[in-house]
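Dear colleague,

Please find below the structure I am handing over to you, with its sequence. My findings follow it.

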Amino acid sequence: MSEPIIQVHNFNKFFGTQHVIKDLSFEIQEGEIFAFLGPNGSGKTTTIRALLGIYRPDSGELLINGKRFGPDQAAILGYLPEERGLYVTSPVLETMIYFGQLKGLSFVEARARSLAFLKKVDLEGKEDFTINKLSSGQQQKIQLGITILNEPQLLILDEPTKGLDPLNRELLMDILFDLNRNKGTTIVFSTHQMNEAEKIAHRLLMIKDGKRALYGKLEDVKNSFGHNNVHVEFDGQLVVDRTVFDGVVQTNTAELTPAEGISPQRLLEHLVKAKVKILKFEVSNPSLDEIFIQVSKE
Amino acid sequence: MPKILLIAKREYLKIVRKKVFWLATLALPTFIIAVSIISNLSAEQSVKQIQKQASASKLILISDPSGQINPSYIAGPLQLTGYLERARQQVIDGSADALFVYPSDVLATHKIDVYAKSKGLLNDTGYSTLATDLLKTSILSSIGDAQKIAAYSANFNINLQTYKNGALVDNSLERFLVPGALVIIYFFMIMFASSYLLLSVAEEKENRMIETILSVVKPRELIFGKIIGQIGVVLTQVVTLIIFAVVGFSALSLKLPIPINFAAVKIDPVQLIFGVWCMACGFLIMANTMVGLGSIMPSYRDAQSFSSIFIIATIFPIYFITILLADPTGAIARAVSFFPYTAAMVLLFRNALDALPWWEMGLSIIALAVYTAASFYLAYKLFEIGALEYKAKLPFGQIVKRVMGK
């Protein structure tokens, strides 16, 4: 992790009179996997499109490698939009070569890489098939192939797992990991699947109503977000005391949230004093899912 | 290869590789050649049939109360008769093939009665021709001068010389061939290429490829690439049509409807350059319109219903061509010369007719350039506004506001 590959400063965007992005700022370091989160309509796709020069910002600065992105930098980018498709009546290999060439590869190089990719994703032998002859899962593999054919320095994926079955999702994740680890590719992805973000992202940005809601390392965000949750397994009777904690108590287990200013240590002391026989006491941060729901509701 | 050419190449190959493209391109000339062959054959067949009929006839009776039929022509199966009723009966019972009756007032009434055995519609008509020819030849023979008779039947070569502003005007067909060909080529460009272009932009949007492609190419590269590809398609069509027509007509030795002396074809460089300029601008205005429409409409089907309005507007001058030909410098011709969608075709017509003063030619060059630039700006704006609006048709008011930058 070194220089920021993406810099967004005070970005504002209006659609008519609607102010959809409000003074958004963030940076993404080279080589990191960055999750871009937010509820539907929060402005993720608009920000990505503005970053790629498809939309013009009303104010602010959006830079890739220190300058405004233009298609002349296509060689460094792989972009998989949320609304994605293919030339359905064109043959597979021809389509891949066409995009490879548009991204600056020679015909020979684009052909070789396309064939290698098709072999990797078990589509060998389908080179001359028209795309509409492939299943939707196979078509999604071709979309991914087009996106990463140029081995990009920066990969931007808008809802990459949308519509994918678990098998293809796994395959996609493997390919992304491989690119990040072995080629140093910076990966930016937007998603609604919090478990995916939690699994692979180094850092994250969550926006809501066009404004930055959360931003930073995954652990920092979790730590900074509200109180630690405590999972308790016990024997005896556990009575909720809202001056010390709140939570859901069942027969032998409880999920507790310490009150403002109360540490997990102080909570444990309180339970011991209350003669609760503690079998297990585990401090855990809130999940990204919980944070997402909470932020979305606020 | 530059991106713009990669796009053009893809657009070009996408269309010319389709069988339906070649079918559509070759259908028209094939039809014309087929009609010419049938027409030539049937003309020859008719003549043969009439000759055959005359020679095959055993007895054709001539009743001539008018006295106009030259007796020297009554030979072979032709035979004069003074008994009308009996002759008619001979036709009815089949002992005579036909009876031609030339009444005494034939010169005033131009009426001949023909009775004949029925041998089918075509053969029956042949007797009428024979009866008429016999009378005409007989009348001409009364002049008594073989040269005059031959001159009367000859096709005269007219040497027409007209003058305009004191100078001789060249009205030969060969002079109009090149500017006329430009009008036809322009017509093809509008009819075929504009539809392909609309389909190309609308399909890109329907296939959800716009956003992917805009991350690797600039909108103007995409638009220009598509237009260049379509120009290639049109040129392929035009060249194919010319080759097909030349090869077809020469191989089958068919006669052109109007004889043309290709050696005498004249090319006026100013007229040619101006014509090409009109064609290019007219085509670009239409192409930009199609790009704009394809961008703001959610599907090809939606876009198509609007596109026909612009296509009809562009070829509309064909509907009042007689007015343009009769008065190419009149008020109507001048007015439609400056309307963006009709300008190119009307100017091409007027250019072909040599009916454009220098000042008007200059003004129209500027006007076409302005229209083309404006249409490109509008297409670009519409592309920006609509290309990523996949689901809904944008309200007209919103489009106008956004084009105006509000």
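Lys275(A) sits in the loop that links α8 (264-273) to β13 (277-284) of chain A. The model is a predicted one, and in it the phi of Lys275(A) is near 65°, a positive value in a residue other than glycine. Lys275(A) is exposed, its relative accessible area being 73%.

Asn65(A) belongs to the loop between β4 (59-64) and β5 (77-80) of chain A. With a relative accessible area of 34%, Asn65(A) is partly exposed.

Turning to the packing between the chains, helix α2 (residues 92-102) of chain A meets helix α1 (residues 3-16) of chain B at an angle of about 160°, and their axes are 10 Å apart. Angles over 145 degrees count as roughly antiparallel, and α2(A) and α1(B) are therefore roughly antiparallel to each other. Their crossing is left-handed. Tyr98(A), Gln101(A) and Leu102(A) make the contact from α2(A), while Lys3(B), Leu6(B), Ile7(B) and Arg10(B) make it from α1(B). By class, this contact comprises 4 nonpolar, 1 polar and 2 charged residues.

As for chain B as a whole, it contains 16 helices and 6 strands. Of its 406 residues, 41% are buried. Among the contacts in chain B with a separation of 6 or more, 72% join residues 24 or more positions apart. Chain B exposes about 21800 Å², of which carbon and sulfur atoms supply 67%.

With kind regards

Definitions and conventions. Residues are numbered from 1 along each chain as its sequence is written. Chains are lettered from A and ligands numbered from 1 in the order in which they are written. This is a predicted model: local features need pLDDT of at least 70, side-chain atom pairs count only at pLDDT 80 or more; totals for chains, interfaces and linings use all residues. Side-chain values use heavy atoms; hydrogens and water are left out. Helices (H or I, at least four residues) and strands (E, at least two) are DSSP runs, numbered from the N terminus. Buried means under 20% relative accessible area, exposed over 50%, partly exposed in between (1.4 Å probe, protein chains only). Contact means heavy atoms within 4.5 Å. Accessible areas come from the Shrake-Rupley method with a 1.4 Å probe; for residues, only the protein chains shown count as cover. Axes are lines fitted to C-alpha atoms, for helices over the stretch in contact, and angles run from 0 to 180 degrees between N-to-C directions. Angles under 35 degrees count as roughly parallel, over 145 as roughly antiparallel, 65 to 115 as roughly perpendicular and the rest as oblique. A crossing is left-handed if the near helix is turned anticlockwise from the far one by less than a right angle, and right-handed if clockwise. Ala, Val, Leu, Ile, Met, Phe, Trp, Tyr, Cys and Pro count as nonpolar, Asp, Glu, Lys and Arg as charged, and the others, Gly among them, as polar.
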